[in-house]
Amino acid sequence: YGAMLAPGVGHDDPRRIAAALLAQVLGEPGHGALHWALVDPGLADQAGLHHEPGEGFGTFVGWFETSLRREEEVRDRFLAVLADAQAAPLDADAWLRAQRTLATDLALQAETPIGRLMALGDAWIERGELDDPAETVARVLATPVEEGRALLEARPFDIQVTGNLGGAAEIVGVVVAFDPVGFFRPRLFHLPGRVGVQVRQVPGHDKRMRECCAGFHAARHAD
C-alpha cells in the first residue's frame, strides 16, 4: 500500500468544488488518469486521488495498492501522472464527466435520510450554511474547467508527503514514524505496525511545506 498527501484548499474556500472535481479527473477509481496509468495496464490493483477539505487547509490524498516488487515503479508513475497533469492543459471533456459523476453522487446521497442529514450537518458545521442539494448540484455543474486549471497552475503536487505500508523499500530524506491507524485513509490502511513518511521538498517552497506538514499532523492529533 502507498499513500500521498499534498496541499489542497479548506472547506470554506470557494475552490473546494473545483478541488473535488480535479481529484475526480485525476483519481476517480475506474475512470481517472491514475486508473488508466496504473490499474488498467495491471501495475496496481487500485489507485486513486481524493480531496479532503479541512478547517483552514485541505489535503489531496492519493493511494495505491500493488505488489512489493512493483512498489517503487508504481509510486514513481503515480507521481509522474500528477506532475504531467500540472504541465498539460486540463481536458475539458474529462472535467465534464467528473461534474456529472459528482453531481449524480450528491443527488443520490440526498435521496436517503442519513445522506441528507450528513450533508446538512457538514455544511452547517463547516460553513454555517443550510445545505440545499439542488443548489449544491447546480454549483458542481456550473464550476468551469478554468478553476481546475488554476489549481494546477499553483502546482500543488510539487509538494508531497509519501508513505508505504507493508513494504521493505528504503526511505530516504526526512523520515517520521507513526502509527497509521486512523490517518492514511483508514478504510485502506487500517493495518498494524508503523509507516515511514518521506518529505520531498522543492527549493523555494519552505513555507508551503511547513504549512502542509502542520496541517496533516494537526488533523491526525485531532482524530
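This is a predicted model: local features need pLDDT of at least 70, side-chain atom pairs count only at pLDDT 80 or more; totals for chains, interfaces and linings use all residues.
Residues are numbered from 1 along each chain as its sequence is written, and side-chain values use heavy atoms, with hydrogens and water left out.

**Around D158**
- D158 sits in the loop between helix 7 (145-153) and strand 4 (160-164); helices (H or I, at least four residues) and strands (E, at least two) are DSSP runs, numbered from the N terminus.
- D158 is buried, with a relative accessible area of 18% (buried means under 20%, exposed over 50%, partly exposed in between, using a 1.4 Å probe and protein chains only).

**The nonpolar core**
- The largest nonpolar core has 38 residues, and L49 and F157 have the most contacts inside it; such a core is a set of buried Ala, Val, Leu, Ile, Met, Phe, Trp, Tyr and Cys residues joined through side-chain atoms within 4.5 Å.
- Leaving aside residues up to four places away in sequence, F157 touches M4, A6, L26, L49, F60, L82, Q86 and L152 (contact means heavy atoms within 4.5 Å).

**Helix 6, one side in and one side out**
- T136, V137 and V140 are buried in helix 6 (residues 133-142).
- Looking down the axis of helix 6, you'd find its buried residues within an arc of 100 degrees, so they line one face of the helix; the arc is that of the directions from the helix axis to the C-beta atoms.
- Those buried residues pack against helix 1 and helix 4 (92-109).
- On the face turned away from the buried side, helix 6 carries the exposed residues A134 and A142.

**Strand 3 and its partners**
- Seven of the eight residues of strand 3 (residues 58-65) are buried.
- Strand 1 (residues 2-7) pairs with strand 3 in the antiparallel sense over six bridges; strands pair if DSSP finds at least two bridges between them.
- P7 has T59 in strand 3 as its bridge partner.
- Strand 2 (residues 46-53) also runs antiparallel to strand 3, joined by eight bridges, and P53 stands opposite G58.
- In the hairpin of strand 2 and strand 3, four residues lie between the strands, and G56 takes a positive phi near 90 degrees.
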